[in-house]
Amino acid sequence: MLTVQTIVAFIVIFGSLVFFHELGHLVFAKRAGILCREFAIGFGPKVFTYKKNETVYTIRLLPLGGYVRMAGEDAENPELKPGYRVGLLFNPEGIVTKIVLDNKDKYPDLRVIEVEAADLEHKMMIQGYEEGEEETLQTFKIAEDAVVVSEGVENQIAPFERQFNSKSLGHRTMTIFAGPMMNFVLAFVIFVIIGLFQGVAVDEPRLGELTADGSAITSGLKNGDEIQSIDGNEVSSWQDVQEAIQKNPGKEIEFVVERGNKTEEILVVPQEVDREGEKVGVIGVYPPVEKSPINAFKYGFTETYFWTKQIFVILGSLITGGFSLDALSGPVGIYKSTEEVAKSGIFYLMKWAGLLSINLGIMNLLPLPALDGGRLLFFLVEFLRGKPIDRQKEGLVHFVGFALLMLLMILVTWNDIQRFFL
């Protein structure tokens, strides 16, 4: 049963992180006017396809990432050379809405022409000689959302102003940066939700929830007790309470608590536990929490900042301390960690998702080829030199980077399999 829950949790968490990351790219690309051909979760063969307006939304077989395919990133429009015979379909205004390259007999209303010249990016026109009127060169205007049909598949053409590379440096930068940014936003939202439903710990000398197997509940302490003193020492914060308990493992200590309008004295013996080689006392009680929107929003900010800082510290120590595959985890390692976290309950699972989201955002911002950070680095170079780097050279760098990234993923995954299953 736990395995099924772990699989579901892993798919939901990993899928959500990828979905919101790619959603950031999609939203800002569309805001910039870029034609987005596909919004994909996963790689490989399509499992689910849905088209809305000009974008195809797909779920693919291998849930190892995702992408937004934007116009201009690959070779866009077909090259219609002189002498090609193509079929044209028109709207009521006489503007071309469909260019058919083959299987023309399936379209009875086609007007077939022999191409003389065509510009599907800037002038949006096609010139040619129509069958039966070979002596007259005609010019046809092409609609900006016209499609090219080849082997039964329709592909919308991309005017230059709808392509990624036609946009300003600011729009392109924001489109790429929006992916990692959404991971930080998602983490913040997750932590806020945790704060709203679980509550936020406060530094007050008051008992929170008690565990069923702790000495606090067996001694008669109750959730909500206000602690006045411990062993005669006044306490004013939860930190004071923690320190007093931890210093007395296995020793009987006296709690003076206020419960309602009464003051009670209760004797408690903290259980002795080993924590990093040191014997400390615990009584099985959580810190007090408060549930309020303001505290939840503060908690969202503080947790997002804290874990962002921690991940950068870990990255720094990884670089300065020497690179090791054992310090990295791929999907298999994340799955095993998710399995362990799932045992602790939904809020721990949500916190794990928030941490992974921050991690994904930071990893994608690293200035490495094929990652968002690598593309942002090229934009920085473009800004400094006043012109973009040759697209073919940049594409080659990203291709090599992607190949090396896939190789690293394979090595890390194999390392995880050996660590957890062999």
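I looked up the contact between Glu 38 and Arg 69 and found a salt bridge whose closest N and O atoms are 3.8 Å apart; the term stands for a side-chain nitrogen of Lys or Arg within 4 Å of a carboxyl oxygen of Asp or Glu. I keep in mind that this is a predicted model, in which local features need pLDDT of at least 70 and side-chain atom pairs count only at pLDDT 80 or more, while totals for chains, interfaces and linings use all residues. Residues are numbered from 1 along each chain as its sequence is written, and side-chain values use heavy atoms, with hydrogens and water left out.

Because Glu 38 sits in strand S1 and Arg 69 in strand S2, the pair ties together parts that are 31 residues apart in sequence; helices (H or I, at least four residues) and strands (E, at least two) are DSSP runs, numbered from the N terminus. I noted Glu 38 as buried, at 5% relative accessibility, and Arg 69 as partly exposed, with a relative accessible area of 32%; buried means under 20% relative accessible area, exposed over 50%, and partly exposed in between (1.4 Å probe, protein chains only).

I then went through the other salt bridges, of which the whole structure holds 13. Lys 351 pairs with Glu 303, the closest N and O atoms being 3.4 Å apart, and this pair links distant parts of the chain, with Lys 351 in helix H7 and Glu 303 in helix H5, 48 residues apart. Lys 351 is partly exposed at 30%, whereas Glu 303 counts as buried at 12% relative accessibility. I also found that salt bridges with shared partners join Glu 38, Arg 60 and Arg 69 into one network.

Last, I checked the surface, where Glu 114, Glu 116, Glu 133, Glu 134 and Glu 135 gather in a patch of negative charge; patch residues have over 30% relative accessible area and no salt bridge, with like charges joined within 9 Å. Glu 133 lies in the loop between strand S6 (125-130) and strand S7 (137-150).

Methods:
Patches are made of residues with over 30% relative accessible area and no salt bridge: like charges are joined within 9 Å, nonpolar side chains (Val, Leu, Ile, Met, Phe, Trp, Tyr) within 5 Å. Accessible areas come from the Shrake-Rupley method with a 1.4 Å probe; for residues, only the protein chains shown count as cover. Lys and Arg count as positive and Asp and Glu as negative; His and the chain ends are not counted. The place of a charge is taken as NZ of Lys, CZ of Arg, CG of Asp or CD of Glu.
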